[in-house]
Amino acid sequence: MISLTRPTVLRATRSIYPSAASTLARSRLLSTLAILEHKDGKVAGSSLSAIAAAIKLGGPVTGFVAGKGVKAGVAAEVAQVQGVESVLAVDNEAYDKGLPENYAPLLIENIKKGGFTHVVASHSAFGKNVLPRVAAMMDAQPVSDVTAIEGEDKFTRPIFAGNAVLTVQSTDPIKFFTVRGTAFQPGPSTGGSANVTEGVDPAAPSNTKWLSEDLTTSERPDLSTAERVVSGGRGLKSKEEFDRIMTPLADALGAAIGASRAAVDEKMADNSLQVGQTGKNVAPQLYLCAGISGAIQHLAGMKDSKVIAAINKDPDAPIFQVADVGLVGDLFEKVPELTEKLKK
Amino acid sequence: MASALRILVPVKRVLDYTLKPRIGKTQTSVDITGMRQAMNPFDELSMEEASRLRKDAKSPMKVSEVLAVSAGGPKTVDVLRTALALGADRAMHVEVPEAKDGFYSGLEPLTVAKMLKGVVEKEKINLVFLGKQAIDGDHGQTGQMLAGLLGWSQATQASKVTVKDGEGTVEVTREVDGGVETLEAKLPMVITTDLRLNTPKFATLPNLMKAKKKPIEKKTLADFGLDESRRLNTVKVTEPPTRQGGSKVEDVDGLISKLKDLGAL
């Protein structure tokens with residue numbers, strides 16, 4: 001916010017004694033609000049990473065949840081997460097769909113009332129949608145997709161599709177940032193004992209109406225948090241082949257399925273499966289890809305994987321420059337063979 | 001509500017998406033001097049969507065104007081010419097001194113959003129199409145910030161946009177984690193474009209020639225009561241940790257045993 005304090009004599013006198021004392025006072029007063037998502041009465045996995053990042057800052061952490069029945073439901077679950085000091089809950093169905101038009105005024109009221117110095121959300125579709133709106137309305141410049149916290153005002157984030165790593169120092173009085181889920185490991189989600197209190201509800205109207213959603217339902221692990229990911233690209237040629245080749249491999253490994261942008265563009269796989277700069281970021285134990293060349297855009301989303309394995313018929317494909325293990329060959333032969341051998 | 005669509009399309013000149021930037025020697029900047037630059041890919045989608053709305057004879061609302069705007073050094077005019085060739089009626093160039101060290105002299109999203117708010121108010125815009133993110137800064141913030149500053153509806157990561165009636169009801173399908181959701185709002189609104197929205201066309205030579213005759217208005221940040229000051233100071237810019245590409249194996253058995261050695265299986 002723009003400070004409303006006018007330059008007065010008192011203020012002028014104060015400024016004679018700057019830095020040390022006030023810096024210390026500020027760090028002692030650090031407190032963080034973590035904006036949490038929930039779905040079907042459970043806190044979203046990515047939000048646990050936001051809590052982990054908030055804890056890393058060092059000050060007290062307050063979780064924030066809003067939606068129908070949250071006080072009895074998800075707020076109690078968040079209260080159990082270790083490191084969370086308190087939970088602000090706003091029980092109002094109007095926030096169920098996370099519409100930024102009413103969610104932003106809601107957050108602003110709660111941020112002002114709680115005097116938070118830091119506001120963090122996960123860099124998910126929801127966090128990306130809401131947090132910049134809130135920050136702008138409070139005249140702050142947020143930091144997106146943070147991968148490391150180097151101080152209460154210093155944040156590191158990838159830029160240029162992960163081809164450079166930037167550390168910035170925020171000069172805003174309130175630091176707004178979203179975090180990359182794979183960069184902050186959530187701690188234990190039981191054993192905590194935060195108290196749940198009621199947040200402020202300005203009940204601002206939303207001029208946007210939520211109509212419907214169409215979510216891909218799957219028994220598979222969630223792509224962003226899966227231990228193993230198998231991913232297919234243009235080399236799979238069609239949706240039928242993609243499903244025929246990749247699904248059994250994913251089943252054999254208990255893996256989530258991902259796809260390159262080329263595969264998504266050619267409708268072989270759903271957009272929500274896209275891995276890359278403009279899709280999801282994953283960092284599983286094993287990322288096994290087939291028929292993916294390894295364009296900059298794609299590498300941005302998977303190069304933090306622990307082990308990368310690639311099957312591609314082009315020995316010069318850039319993917320082999322990052323793969324820990326590469327197999328040059330026709331994926332239509334090699335992947336089914338691999339699937340069969342893994343089953344044994 | 002307005003009877004016609006007055007569309008603003010902000011565009012950004014960025015490093016070509018196939019190129020890798022270099023890290024400056026002092027580790028305080030990204031060096032893209034001499035490297036090919038082009039219109040941000042998401043902004044091409046915005047331009048295409050605006051011109052589709054104009055060409056759609058069945059649309060209940062006519063497009064009365066498409067204004068392209070960009071902030072940057074002298075070469076920003078190149079992407080504005082492209083925008084004009086892709087269907088913008090006129091363009092506005094907010095001149096910001098040329099970046100000395102590539103990207104880092106670029107404006108912050110908050111400044112851009114405030115500038116765009118000024119443009120929207122002056123030009124009586126009722127629909128803004130922005131890309132969901134610029135592929136250099138990767139912030140993904142400007143559209144949301146603009147909507148917040150204006151108090152307008154926002155629909156980010158749009159994969160389908162339909163104008164429903166003459167009253168300005170717009171239905172937008174947006175990409176979310178795990179699928180899509182559909183929203184409805186009344187103009188004015190801000191929409192950010194996702195890759196699935198459309199397939200942008202190339203600017204044809206005749207259109208590029210015609211674009212040379214279209215007007216480009218010059219502005220400065222001061223015209224909007226703004227300056228280049230930043231909220232985020234660069235501490236350092238480093239190379240990402242490089243991966244050591246491993247070995248290739250001969251066959252599937254080799255692949256499996258290597259993955260076991262690496263503890264991935």
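## Salt bridges between the chains

A salt bridge is a side-chain nitrogen of Lys or Arg lying within 4 Å of a carboxyl oxygen of Asp or Glu, and between chain B and chain A the count is eight salt bridges. One salt bridge joins Lys114(B) to Asp139(A), with the closest N and O atoms 2.7 Å apart.

This is a predicted model, in which local features need pLDDT of at least 70 and side-chain atom pairs count only at pLDDT 80 or more, while totals for chains, interfaces and linings use all residues. Residues are numbered from 1 along each chain as its sequence is written, chains are lettered from A and ligands numbered from 1 in the order in which they are written, and side-chain values use heavy atoms, with hydrogens and water left out.

## The interface as a whole

The size of an interface is often given as the accessible area lost when the parts come together. Between chain B and chain A the buried area (the accessible area, with a 1.4 Å probe, that two parts lose on being put together, summed over both) is about 6,700 Å², and carbon and sulfur atoms give 53% of this area. The contact (heavy atoms within 4.5 Å) takes 84 residues from chain A and 81 residues from chain B.

## Helix α6(A) and helix α4(B)

Helices are DSSP runs (H or I, at least four residues), numbered from the N terminus. Helix α4 of chain B, residues 142–150, packs with α6(A) at an angle of about 50°, their axes (lines fitted to C-alpha atoms over the stretch in contact, with angles running from 0 to 180 degrees between N-to-C directions) being 7 Å apart. The two helices are therefore oblique to each other, a term for whatever remains once angles under 35 degrees count as roughly parallel, over 145 as roughly antiparallel and 65 to 115 as roughly perpendicular.

The residues in this contact include Pro132(A) and Met137(A) of α6(A) and Met145(B) and Leu149(B) of α4(B). By class, the contact of α6(A) with α4(B) has six nonpolar, three polar and two charged residues, where Ala, Val, Leu, Ile, Met, Phe, Trp, Tyr, Cys and Pro count as nonpolar, Asp, Glu, Lys and Arg as charged, and the others, Gly among them, as polar.
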